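Please read the numbered points alongside the model.

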Amino acid sequence: MAEFTMELNDEQREVRDWIHGFAADVIRPAAAEWDEREETPWPVIQEAAKVGIYSLDFYAQQYFDPTGLGIPMAMEELFWGDAGIALSIVGTGLAAVGVLANGTEEQIGTWIPQMYGDANDVKVAAFCSSEPDAGSDVASMRTRAVYDEAKDEWVLNGTKTWATNGGIANVHVVVAVIDSELGSKGHASFIIPPNTPGLSQGQKFKKHGIRASHTAEVVLEDVRVPGSCLLGGKEKLDERLARARERARAGGGERLKNAAMATFEASRPAVGAMAVGTARAAYEVALDYAKTRSQFGRPIIDNQGVAFQLADMRTSIDAARLLVWRASWMAVNGKQFTSAEGSMSKLFASETAKKVTGQAIQILGGNGYTREYPVERMHRDAAIYTIFEGTSEIQRLVIARTLSGMPIR
Ligand SMILES: Cc1cc2nc3c(=O)[nH]c(=O)nc-3n(C[C@H](O)[C@H](O)[C@H](O)COP(=O)(O)OP(=O)(O)OC[C@H]3O[C@@H](n4cnc5c(N)ncnc54)[C@H](O)[C@@H]3O)c2cc1C
């Protein structure tokens, strides 16, 4: 187990500075354009692939940093550049993690390279779990997967929504119901290979923020995939379902537990780190502005009303980062989240990003309210952190249930 230290080592500093350079030189200058275009910034993803930031190797290296700080550091810097573009760069990772967590070695080797493509022909992937009637309450998912034994194929039907990269992905990872009696224990994940008939993009959403990231419905109509596309394989699924049925007979597994499980434990600190990146970006703009903008014959930061806001903003950002780092260190070192520390980090960091970006607008006055300055975009972007990967309310539910051991609703 790695010693926990607040001091980045030389290698980590080098990686952080390298990612920061890419965020400052490539991502930030492109941010306003792709926000207005509301399109996937393919040229920026390609640049990221060329320098090695858009690849599984890059994330694997950061993930296996034994201090746990590799991923949060990378996320903070990329999202400091711009949240919408950064999500376009890291969105594939959510689907890749789905395969890494549940797939066989063969599935990992076959599908992950197809999710990323290569620098000359970049691809993206999508992770499709949410549905119109199953957001926080994952257990009410309706998309069905039925096994056709004669052909060794699975047939999927249903509608997914809110899928980052949905419909434009080369590879989709789709969560579907096998046994509806078992709630989320009766779900399984499937690879939908490129160009599979029956999968189509539904509505593309016009969003409040992170507009450079593509979000859409994914419609599945009699989508047939080979048996080998069931992540983890049929034998493992059958064993898992048998265990879940046994437990259900013994009286376990209530619905609210499943609602809490709508969030993805392992990815919470990473989302917290994204929020820290956005918050820090807005804080820096506000600090700079407060030092250079003069009213009443002096810089506005000379007023405690402004300076104290900046002091609070920076304090919250640092506190958020520490919660994120702690949870990331715990995750990498296999520590039990006995107080839902992952959820705490995501909750605090995302609420901080929303608040701090709002304060930044206030400090910039009228300019803060326009698209001439980036804090307006950052504030719109920040709102997503309290919604995806489990809303703030769901994080509080998880924390409260974990702390109390009570079935709080
Ligand atoms: C831009 C964007 C990208 C996304 N990307 C993906 C993706 O790639 N893949 C994917 O599968 N999903 C994705 N999502 C979906 C996201 O995870 C869901 O939006 C989220 O889980 C909330 O679900 P919902 O929108 O249905 O809200 P609901 O679950 O309907 O919640 C509505 C409100 O009710 C509150 N609420 C619900 N239940 C409770 C409760 N028990 N106690 C207290 N309050 C409660 C919520 O906190 C929220 O405030 C994305 C969403 C967005 C907006």
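Leaving aside its neighbours within four places in sequence, which residues is Thr-40 in contact with?

1. Thr-40 is in contact with Trp-34, Ile-45, Ile-168, Ala-212 and His-214, once neighbours within four places in sequence are left aside; contact here means heavy atoms within 4.5 Å. The place of Thr-40 is in the loop between α1 (10-37) and α2 (42-51). Thr-40 counts as buried, at 9% relative accessibility; the term buried stands for under 20% relative accessible area, exposed for over 50%, and partly exposed for what lies in between, with a 1.4 Å probe and protein chains only.

2. On provenance, this is a predicted model, in which local features need pLDDT of at least 70 and side-chain atom pairs count only at pLDDT 80 or more, whereas totals for chains, interfaces and linings use all residues. Residues are numbered from 1 along each chain as its sequence is written, and side-chain values use heavy atoms, with hydrogens and water left out.

3. The protein chain holds 13 helices and 11 strands. These are DSSP runs numbered from the N terminus, helices being H or I with at least four residues and strands being E with at least two. The C-alpha trace spans about 80 × 50 × 40 Å along its principal axes.

4. For 409 residues, a compact globule would have a radius of gyration near 22 Å, and the protein chain agrees with its 22 Å. That radius is taken over C-alpha atoms, and the globule rule is 2.2 Å times the number of residues to the power 0.38. Of the 409 residues, 53% count as buried. Among contacts with a separation of 6 or more, 73% are between residues 24 or more positions apart.

5. Met-115 lies in helix α6 (residues 105-116) and is buried, with a relative accessible area of 0%. Not counting residues up to four places away in sequence, Met-115 touches a set of residues including Tyr-54, Val-99, Lys-123, Val-173 and Ile-191. The C-alpha atoms of Met-115 and Gly-93 are separated by 8.9 Å, with the two residues 22 apart along the chain.

6. Thr-357 is found in helix α11 (residues 341-368). Its relative accessible area is 0%, so Thr-357 is buried. Beyond residues up to four places away in sequence, Thr-357 touches Thr-278, Ala-282, Met-378, His-379 and Ala-382. The side chain of Thr-357 also reaches the backbone oxygen of Ala-353 at 2.7 Å.

Conventions:
Polar contact = N/O pair within 3.5 Å; in protein donor to acceptor, adjacent residues only side chain to side chain.
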